[in-house]
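Please keep the structure in view while reading.

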Amino acid sequence: MAVKTENLPQHHFTDTDLQAEWNLMLKQLQKKDPFVFNAVKTFKMFKSNEHQITVSYPSDSAKVEFDKISGEFFNHFKRKAHNYSIEIEYKRDFENLKVEVMTKRKIFEKFTQKNPLLKDLDDLMRFDLT
């Protein structure tokens, strides 16, 4: 059975409202379900137009975990914003949302880009960056 949304409230909401609710949801998830939290913490969502939210996600496996909580989150947000005509668009974005593991070597290489003298110091002192 399809729900008709034209008679339901369609109040304005801001991206700030959306971010505040998403951050609140993440805090609750961190305590309640750390596994799902780790899967969805890199998700980005933003208001793309008056009645649309775009959700960027890093991988299909993370989206599967997000799907477990998305209904609850978006239903809560629609009630809070008094806007029942919000549509959700999903966009896979593995370049910008990729979580990079920083090793000691990678951190040192980033610092040498900022200060090339560190490379000379490494040659002289032979730092153990393993």
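Two strands are said to pair if DSSP finds at least two bridges between them. With that in mind, look at this predicted model, in which three strands form an open sheet with the order β1-β2-β3 and mixed pairing. The strands at its edges are β1, residues 44–49, and β3, residues 87–92, each of which pairs on one side only. On average, neighbouring strands of this sheet are turned by 30 degrees against each other, if direction is ignored. Between β1 and β2, which covers residues 52–57, the pairing is antiparallel and runs over five bridges, and here lysine 44 stands opposite serine 56 of β2.

Helices accompany the sheet. Helix α1, made of residues 15–32, packs on the sheet by touching β1 and β2, and its direction makes about 155 degrees with that of β1. Helix α3, residues 60–81, lies across β1, β2 and β3 and runs at about 160 degrees to β3.

Stepping back to the chain as a whole, we find five helices and three strands, which follow one another from the N terminus as α-α-β-β-α-β-α-α. The radius of gyration is 21 Å, well over the 14 Å that the globule rule gives for 130 residues, so the chain is more spread out than a compact globule. Along the principal axes, its C-alpha atoms fill a box of roughly 75 × 30 × 25 Å, and buried residues make up 32% of the chain.

Finally, consider the charges. Side chains of opposite charge can pair when their charged atoms come close. How many salt bridges does a search of the whole structure find? The search finds six, and one of them joins the side chains of glutamate 21 and lysine 80, with 3.5 Å from N to O. Because glutamate 21 lies in helix α1 and lysine 80 in helix α3, this pair ties together parts that are 59 residues apart in sequence. Glutamate 21 is buried, with a relative accessible area of 9%, whereas lysine 80 is exposed, with 53%.

Another salt bridge links aspartate 67 and lysine 63 at 3.1 Å, N to O; these two residues are four residues apart in helix α3, which means that about one helical turn separates them. Of this pair, aspartate 67 is partly exposed, with a relative accessible area of 38%, while lysine 63 is buried, with 17%.

Note on methods:
Residues numbered from 1 in each chain as written. Predicted model: local features only at pLDDT ≥ 70, side-chain atom pairs only at ≥ 80, totals over all residues. Heavy atoms only, no water. Axes fitted to C-alpha atoms, helices over the stretch in contact; angles between N-to-C directions. Contact = heavy atoms within 4.5 Å. Rg over C-alpha atoms; globule rule 2.2 N^0.38 Å. Buried < 20%, exposed > 50% of the residue type's maximum accessible area, 1.4 Å probe, protein only. Salt bridge = Lys/Arg side-chain N within 4 Å of Asp/Glu carboxyl O.
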